[in-house]
Amino acid sequence: VGIYVRLSDEDRDKREKADLSQSIENQIAYIESCIKLLNEDNNEAYSLIVYDIYSDDDYTGMNFKRPEFLRMMRDVDKNKVDCIIVKNLSRLGRYDSEMLTYMEKEFEKPGKEVRFIAIGDNYDSLYDEMDVLVKFKLLMNREYSETQHRNVIIGMRSMQEKGKFVGAFAPYG
């Protein structure tokens with residue numbers, strides 16, 4: 001199993017840039033507890049064994065050029081990972097057409113099938129089909145991200161028009 005976690009915005013309670021954000025730590029703990037429950041309830045002949053945790057902290061979900069995501073996909077290609085678990089669909093990505101490419105093509109390659117589980121969205125590719133509801137969730141995840149982006153731009157412009165400082169560092173003087 002590859003556990004994949006992601007958070008777009010920098011978490012303000014991090015002491016150091018290299019520290020994991022609280023949200024990332026919570027996602028990992030949530031997924032690990034769900035894996036434990038799945039293994040306890042599993043009537044099948046195998047258990048889910050975590051190979052690695054892939055964490056992209058401070059990376060957008062609107063593209064897939066994220067270092068840990070790419071590392072995870074290399075491990076998938078090397079057959080080190082055959083199951084990916086995320087908290088919900090939006091943690092893997094928010095761009096719906098690329099998500100569909102991964103879910104319908106990349107994870108379904110003959111001989112390299114990858115089970116994909118999105119816990120919060122109650123999706124498990126082993127048991128669930130890509131139905132209209134899943135595709136709608138992917139579309140809504142993209143729309144949410146684009147709406148948030150527009151709101152930030154509007155807020156920044158409003159502050160600029162009022163003459164307020166919007167830079168990264170406080171001005172001297």
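## What you're looking at

This is a predicted model, so local features need pLDDT of at least 70, side-chain atom pairs count only at pLDDT 80 or more, and totals for chains, interfaces and linings use all residues. Residues are numbered from 1 along each chain as its sequence is written, and side-chain values use heavy atoms, with hydrogens and water left out.

## The overall fold

The protein chain has five helices and five strands. Here helices (H or I, at least four residues) and strands (E, at least two) are DSSP runs, numbered from the N terminus. Starting at that end, the order is β-α-β-α-β-α-α-β-β-α.

Contact means heavy atoms within 4.5 Å. Take the contacts between residues at least 6 apart in sequence: 68% of them join residues at least 24 apart. Of the chain's 173 residues, 36% are buried; buried means under 20% relative accessible area, exposed over 50%, and partly exposed in between (1.4 Å probe, protein chains only).

## The nonpolar cores

A nonpolar core is a set of buried Ala, Val, Leu, Ile, Met, Phe, Trp, Tyr and Cys residues joined through side-chain atoms within 4.5 Å. The largest one has 20 residues, and those touching the most other members are Tyr 4, Phe 69, Met 72, Ile 84, Leu 92, Phe 107 and Phe 116. At least two core residues come from each of helix H2 (67-77), strand E3 (83-86), helix H3 (89-92), helix H4 (96-104) and strand E4 (115-118). H2 is the top contributor, with four residues. Apart from this core lies another, made of 12 residues, including Val 1, Val 5, Ile 31 and Cys 83.

What does Tyr 4 touch? Leaving out residues up to four places away in sequence, its partners include Ile 31, Tyr 54, Phe 69, Met 72, Ile 84 and Leu 92, along with Asp 56, Arg 66, Glu 68 and Arg 91.

## The cysteines

Most residues other than glycine have a negative phi. Asp 58, in the loop between strand E2 (52-57) and H2, has a positive phi near 75 degrees. Asn 79 isn't a glycine either, yet its phi is positive, at about 60 degrees. Asn 79 sits in the loop between H2 and E3, and it counts as exposed because its relative accessibility is 54%.
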